[in-house]
Amino acid sequence: MLMRRLAFVLVSMLAAGGFGAAPAAAHGAGPTGPTAGPCAYTPTPDEPAARPVSLPRDPRRTPSRGTVAVLLRTNLGPIPLVLDRAQAPCTVQSFVHLARQRFYDRTICHRLTTYPTLLVLQCGDPTGTGEGGPGYRYADELPTGLPPAPTDPTGERKVYARGVLAMANAGPDTNGSQFFLVYGNSALRPNYTIFGSVAPRGLTTLDRVAAAGVTPTPEDPAPLDGPPALRTEIKKATVKY
């Protein structure tokens, strides 16, 4: 379903309404046991960390109330995020851990999608290829109660609204480090964990990226999916609380 040169096969995306993170290439082996807490962060020795990073702490009582503020300082402007522990406690715990470990610092947002029904910017891979991750995975914390997408008469796709912050994945329970920022209402199957939102100031930055479009290629001078034409680099991710 997935290709390594981008996060998702274009044809599959159009057919399935998907948005994902490609699995990394296999390299060596390592520990395979999950952490002992409710989040069960599980090492992926066949998909090693793109940067050295430990497993997150996994306390028996994972914080599930309140919000966490994270600021993505980019070369194009700030993208403030508000993480919601009640929506996705294990995802917030992992994201905060990676930010504190500087996993997201000096990384590019490698994929912009500009279809009328899929308007997202994907980030979180230090390799910039769509293959990289943190060397572990964990289970989905899927949203419920999302409104049906008006563009899908089957009712299978739901609205991931402008401003949503969600995890990319390579299938069920394969969350890692890659995430996407929704800059326009998008129609997706509810297979992607929503764990927060983008503050208004961040949407201004996203609109600037989206307005520049996708990097053209000789084969496709006006692509709708691929690397942003306006290079977008997360210089530093800071947990603000």
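Reader: Before we go through the charged pairs, what counts as a salt bridge here?
Author: A salt bridge is a side-chain nitrogen of Lys or Arg within 4 Å of a carboxyl oxygen of Asp or Glu. Please keep in mind that this is a predicted model.

Reader: OK, and how many salt bridges does that rule give?
Author: The count by this rule is seven salt bridges.

Reader: Let's take Asp225, then; which residue does it form a salt bridge with, and how far apart are the closest N and O atoms?
Author: The partner of Asp225 is Arg111, and the closest N and O atoms of the two are 2.8 Å apart.

Reader: Is Asp225 buried or exposed, and why?
Author: Asp225 counts as buried because its relative accessibility is 11%, and the cut-off for buried is under 20%. Arg111 is buried as well, with a relative accessible area of 0%.

Reader: What about Asp152 and Arg157, how do their side chains meet?
Author: Asp152 and Arg157 meet through their side chains in a salt bridge, at 3.3 Å from N to O, and both of these residues are buried.

Reader: And which residue forms a salt bridge with Asp207?
Author: That is Arg162, with the closest N and O atoms 2.9 Å apart.

Reader: How do Asp207 and Arg162 count in terms of accessibility?
Author: Asp207 counts as partly exposed, at 31% relative accessibility, and Arg162 also counts as partly exposed, at 38%.

Reader: Which residues are linked in a network of salt bridges?
Author: Arg102, Asp105 and Lys236 are linked in such a network.

Reader: Switching to strands: how many residues of β12 are buried?
Author: Four of the five residues in strand β12 (residues 194-198) are buried, so the strand is mostly covered.

Reader: Which way do β3 and β12 run, and what is the bridge partner of Leu81?
Author: Strand β3 (residues 77-84) and β12 run antiparallel and are joined by three bridges; Leu81 has Val198 in β12 as its bridge partner.

Reader: And in what sense do β9 and β12 pair?
Author: β9 and β12 pair in the antiparallel sense, over three bridges, and the bridge partner of Leu165 in β12 is Gly196.

Methods: Residues are numbered from 1 along each chain as its sequence is written. This is a predicted model: local features need pLDDT of at least 70, side-chain atom pairs count only at pLDDT 80 or more; totals for chains, interfaces and linings use all residues. Side-chain values use heavy atoms; hydrogens and water are left out. Buried means under 20% relative accessible area, exposed over 50%, partly exposed in between (1.4 Å probe, protein chains only). Helices (H or I, at least four residues) and strands (E, at least two) are DSSP runs, numbered from the N terminus. Two strands pair if DSSP finds at least two bridges between them.
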